[in-house]
Amino acid sequence: MKLALFSQNLTKAHKQKLASFFSKPLSEVKFLYINTPGNYKPYKSEWMIRGEQRWQNVFPKFQEFDLERALKVDVNFNFNDFLSSYDFIFVSGGSTYVLSYWMQETGSREILKDLIVRDKIIYGGESAGAIYTYKEIDTYKELDHPERAPEEVNEGLGVIDFAPIPHWQNEEFHAGLEHIRNKFESKGVKTYTITDDQSLFVENDNIITI
């Protein structure tokens, strides 16, 4: 199992570590960018456009994808075959509740989890996409917006046994993030904080912060 979990920014050191995850150059890696967490607005936000460009500059075999749109266009869309055809699946920031709802509706949560644990894909995510790797998202609620999703679904991928806390030291979220970390630790859940310039790389039981 290999995961690359970010807050926001992508540095040279991150690119070097990512290169070690693949057996081919990053320019040849089939990269899927799932932007579903940003679907709480009727337009693509500037931060979403910047995020897409940031990753497309590294992975030219880039494809953006929206779970909600795919299902609404084709109710018989084969999510298993489609997701299985990529090397690196990356989930954007936004609302974790919007993401969790559409992951459940499309059956993609179980598909992704299976692909991850069988080492068929490498999973990456920033902010909401990173949070989603833990088994539940309810503890993050105070800095998210469950009302943005059609229905509140609190189940994440459950592929890690620790809670990632992105945007650490970001002044906008500092008090809320402190509270979230304390709630996790009071329940005996280990946390890993990452600033906007840091990332967590997971290789099976090995976890490093860069």
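## Exercises on helices, strands and single residues

The axes of helices α5 and α6 come within 5 Å and cross at roughly 90°. Before we dig in: this is a predicted model, where local features need pLDDT of at least 70, side-chain atom pairs count only at pLDDT 80 or more, and totals for chains, interfaces and linings use all residues. Residues are numbered from 1 along each chain as its sequence is written, and side-chain values use heavy atoms, with hydrogens and water left out.

**Exercise 1. Work out how α5 and α6 are placed against each other, and which residues of the two helices meet.**

Step 1: Know what to look for. Two packed helices are described by the angle between their axes and the distance between the axes. The axes here are lines fitted to C-alpha atoms, for helices over the stretch in contact, and angles run from 0 to 180 degrees between N-to-C directions. Helices themselves are DSSP runs of H or I with at least four residues, strands are runs of E with at least two, and both are numbered from the N terminus.

Step 2: Under 35 degrees counts as roughly parallel, over 145 as roughly antiparallel, 65 to 115 as roughly perpendicular and the rest as oblique. The crossing is roughly 90°, and α5 and α6 are therefore roughly perpendicular to each other.

Step 3: Find the touching residues. Contact means heavy atoms within 4.5 Å. Met 103, Gln 104 and Thr 106 of α5 meet Ser 108, Arg 109 and Leu 112 of α6.

Step 4: Sort them by type. The residues of this contact divide into two nonpolar, three polar and one charged. In this scheme Ala, Val, Leu, Ile, Met, Phe, Trp, Tyr, Cys and Pro are nonpolar, Asp, Glu, Lys and Arg are charged, and the others, Gly among them, are polar.

Step 5: Look at the end of α5. Just after this helix, Gly 107 takes a positive phi of about 75°.

**Exercise 2. Is Ser 100 buried or exposed, and what does its side chain reach?**

Step 1: Ser 100 sits in α5, which covers residues 96-106.

Step 2: Check the accessibility. Buried means under 20% relative accessible area, exposed over 50%, and partly exposed in between (1.4 Å probe, protein chains only). Ser 100 has 0% relative accessibility, so it counts as buried.

Step 3: Compare with the rest of the helix. Nine of the eleven residues in α5 are buried, including Tyr 97, Ser 100 and Trp 102. Among the elements covering them are α3 (67-73), α4 (79-84) and α6 (108-117).

Step 4: List the partners. Not counting residues up to four places away in sequence, Ser 100 touches Tyr 132, Ile 137, Val 153, Asn 154 and Glu 155. Its side chain reaches the backbone oxygen of Glu 155 at 2.9 Å.

**Exercise 3. Where does Ser 127 lie, and which residues is it in contact with?**

Step 1: Locate Ser 127. You'll find it in the loop between β5 (122-126) and α7 (128-131).

Step 2: Check its cover. Ser 127 counts as buried because its relative accessibility is 13%.

Step 3: Find its contacts. Leaving aside neighbours within four places in sequence, Ser 127 is in contact with Phe 6, Ser 7, Gly 93, Pro 166 and His 167. Ser 127 and His 167 are 40 residues apart in sequence, and their C-alpha atoms are 7.4 Å apart in space.

Technical notes. Polar contact = N/O pair within 3.5 Å; in protein donor to acceptor, adjacent residues only side chain to side chain.
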